[in-house]
Amino acid sequence: MFYKNIFIYKKEIKNILNIYKIIINKVGIKNLYYPFILDLYKGKLQKIVGLWNISVSLIKYKRGVHMSRIIFILNKLLFKPLSVRRFYSFYNFFVKNLESNDIFLQVCFLYFLKKITPITKYKTLYNYKLTFLLEKKNLLLNFFIKIIIITNSLCPCSKFISLYNSHNQRCFISFFFIIKKKNININNFIKILENQSSSSLWSILKRKDEKYITEFSYKNPKFIEDLIRNIYFCFRNKKFFLKIENLESIHNHDVYAISKKFK
């Protein structure tokens, strides 16, 4: 309403200037699917489609942000493989080209690892959901990584009271941690998280493998409280937020647990 008359009615200039005094905390693009090449482990590359959210703060007296410039910068940056170190440096390009002190940069994607079945030794692919999140506010810069892993959880109580069986369920582990080092091995984090559960999951299992996994999880029951405490102990020297959710198989509700360490 104000912009179309900005050069016609002088009486509205004061109101327009007052509007321009308002700072916008975040303005940008979201839900942009854009491909890139991922380099997370020893130079092994993966072709990935990421879901991108990118925004900046808007200073006073600046009317808008060049939305198309955001995608132009992203397109230019993704010509080379994306590693943790390169992602960490992305904020410099956005801050410089978009003339903003603050930047919010997030990408979610599926990361695949090769897994070998325990008995038949088939090589399979299994996906993990990763999120890179970088946020710069003035001089404060934080880099977070979120890992979502699905595992198996077998109930110790059910095993104790039952003669033949025990109920188990899918377990969703969401691990959100702060990155200080630019070179980290994501695979090690995934391995540690998976090893705390009753058993891992696979995309392919033959009958011999199924037998092994069933018996392995039966010998390794875990309450959700056990699982979250074990993970906390493994990462006690890091800053993190941890949420675990079990999709109960014999109840009409789910269970969850949350733990965090930011000191």
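Author: A salt bridge is a side-chain nitrogen of Lys or Arg within 4 Å of a carboxyl oxygen of Asp or Glu. The model is predicted, and a search of the whole structure finds 4 salt bridges.

Reader: Which residue meets Lys115 in a salt bridge?

Author: The N to O separation is 3.4 Å. The pair links distant parts of the chain, 79 residues apart, with Lys115 in strand β3 and its partner in helix α5 (residues 186-195). Both side chains belong to buried residues, and the partner of Lys115 is Glu194.

Reader: Is Lys211, which lies in helix α6, buried or exposed?

Author: Lys211 and Glu215 are 4 residues apart in α6, about one turn of the helix, and their side chains form a salt bridge at 2.8 Å, N to O. Residues count as exposed over 50% relative accessible area. Lys211 has 51%, so Lys211 is exposed.

Reader: Where do the buried residues of helix α2 fall, seen down its axis?

Author: Ile70, Ile73, Leu74 and Leu77 are the buried residues of α2 (residues 67-77). They line one face of the helix because, seen down the axis, they fall within an arc of 100 degrees. On the other side of α2, the exposed residues are Ser68, Phe72 and Lys76.

How values were computed:
Residues are numbered from 1 along each chain as its sequence is written. This is a predicted model: local features need pLDDT of at least 70, side-chain atom pairs count only at pLDDT 80 or more; totals for chains, interfaces and linings use all residues. Side-chain values use heavy atoms; hydrogens and water are left out. Buried means under 20% relative accessible area, exposed over 50%, partly exposed in between (1.4 Å probe, protein chains only). Helices (H or I, at least four residues) and strands (E, at least two) are DSSP runs, numbered from the N terminus. The arc is that of the directions from the helix axis to the C-beta atoms.
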